[in-house]
Amino acid sequence: MEQIKIFDIMTKSKKPKLTSVIDKSNGVTWCAYCATPVKFIKDKEKGVKVCSICGISLNDYWNKTINRINI
Ligand SMILES: [Zn+2]
């Protein structure tokens, strides 16, 4: 039986709202979970950029998709 980690549950329970297209020209990054343009700040502990509101990583699949990172 596969062990379920609390992080998996937290991640899956959030449903991204892919409702708007980001305008990257103003330097703002779109958070798929907050469904609003937010500032992504560097998390020293994790070494990644995270949403300043909900704390989701910019490396999250939906945030990558909506911001067209590495695709
Ligand atoms: Zn967010």
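Asp43 belongs to strand E3, which covers residues 40-43; helices (H or I, at least four residues) and strands (E, at least two) are DSSP runs, numbered from the N terminus. The model is a predicted one, in which local features need pLDDT of at least 70, side-chain atom pairs count only at pLDDT 80 or more, and totals for chains, interfaces and linings use all residues. Residues are numbered from 1 along each chain as its sequence is written.

Asp43 counts as partly exposed because 14 other C-beta atoms lie within 10 Å; a residue is buried with 20 or more such atoms, exposed with 12 or fewer, and partly exposed in between, the C-beta atoms being placed from the backbone. Leaving out residues up to four places away in sequence, Asp43 touches Val48 and Val50, where contact means C-beta atoms, placed from the backbone, within 7 Å. Ser57 is 14 residues from Asp43 along the chain, and their C-alpha atoms are 9.0 Å apart.

Val50 is also one of the eight residues of the largest nonpolar core, with Trp30, Cys31, Ala32, Phe40, Cys51, Ile56 and Ile66. Strand E1 (29-31) and strand E4 (48-51) are the elements that give two or more residues to this core. Such a core is a set of buried Ala, Val, Leu, Ile, Met, Phe, Trp, Tyr and Cys residues joined through C-beta atoms within 7 Å. Beyond its neighbours within four places in sequence, Ile56 contacts Cys31, Tyr33, Val50, Cys51 and Asn63.

Ala35 lies in the loop between E1 and strand E2 (36-38). Most residues other than glycine have a negative phi. Ala35 is not a glycine, yet has a positive phi of about 55°.

Technical notes:
Contact = placed C-beta atoms within 7 Å.
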